[in-house]
Amino acid sequence: MSNKTLMIIKPDAVKRQDMGYILSRIKAAGFKVRRLEMKRLSVDKAKDFYKVHAERPFYDSLVSFMSSGPVVVGWLERENAVNSWRQLIGATNPAEAAVGTIRKDIAESLEANSVHGSDSDENAEIELNFFFEDRPH
Ligand code: ADP
Ligand code: MG
């Protein structure tokens, strides 16, 4: 079981200045933040990141949302990092997210759901490389 995952604080949460709130939840859950960077995704970068969803009806809107303002990308480490972070962020749709999850607490909508988390160890590796090509091993 791998110990690292990629998190993104999405544009809705950055706009509300919820970065500190999310980072405090990350600390409380025992993660270590290894890398952290605020950046603005170009449309092409957002398209590339979410290319697995290219055929879905929400793809264009999602790409436009993700490139609409700055995001914060982070490299988190903890035992069982992928599952632990997915549990802490909650279901994709905040209306269905469990009580106590970040999406339940602060997400605006199914699209503007405040945070991203890798969904497998394999994708965590791919997504960390996508944003942190120069990361130390
Ligand atoms: P997750 O982020 O929970 O892994 P997905 O990988 O299924 O969810 O979808 C990626 C992102 O696309 C979601 O976090 C959300 O921002 C957006 N999204 C997913 N499904 C929908 C939908 N039906 N309508 C609008 N946006 C969606
Ligand atoms: Mg996903």
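Which residue in strand 3 is the bridge partner of K4? It is E77. Before I go on: this is a predicted model.

Let's start with strand 1, residues 4-9. Six of its six residues are buried. Both faces are covered. K4, L6 and I8 lie on one side, and T5, M7 and I9 on the other. Strand 1 has two antiparallel neighbours to look at. Six bridges join strand 1 to strand 3, residues 71-77, and the two run antiparallel. Three bridges join strand 1 to strand 4, residues 115-117, again antiparallel. There, M7 has G117 as its bridge partner.

Now the rings. The count is five aromatic pairs. Take F31 and W85: an edge-to-face pair, 6.0 Å centre to centre, with 85 degrees between the planes. F31 sits in the loop between helix 2 and strand 2, while W85 is in helix 5, so the partners are 54 residues apart. F31 counts as buried because its relative accessibility is 6%. W85 is at 0%, so W85 is buried too.

Next, F49 and F131. Their ring centres are 5.4 Å apart and their planes lie at 45 degrees, so this pair is tilted. F49 belongs to helix 3 and F131 to helix 7, so the contact ties together parts 82 residues apart in sequence. Both F49 and F131 are buried. Ring pairs link F49, Y50, F130 and F131 into a cluster.

Last, charges over rings. The charged end of K45 sits over the ring of F130, 4.2 Å from its centre. And back at F31, R78 lies over the ring face, at 5.5 Å from the ring centre.

Definitions and conventions: Residues are numbered from 1 along each chain as its sequence is written. Chains are lettered from A and ligands numbered from 1 in the order in which they are written. This is a predicted model: local features need pLDDT of at least 70, side-chain atom pairs count only at pLDDT 80 or more; totals for chains, interfaces and linings use all residues. Side-chain values use heavy atoms; hydrogens and water are left out. Buried means under 20% relative accessible area, exposed over 50%, partly exposed in between (1.4 Å probe, protein chains only). Helices (H or I, at least four residues) and strands (E, at least two) are DSSP runs, numbered from the N terminus. Two strands pair if DSSP finds at least two bridges between them. Rings of Phe, Tyr and Trp (its six-membered ring) pair if their centres lie within 6.5 Å; planes under 30 degrees apart count as stacked, over 60 as edge-to-face and the rest as tilted. A charge sits over a ring if NZ of Lys or CZ of Arg is within 6 Å of the ring centre and within 35 degrees of the ring normal.
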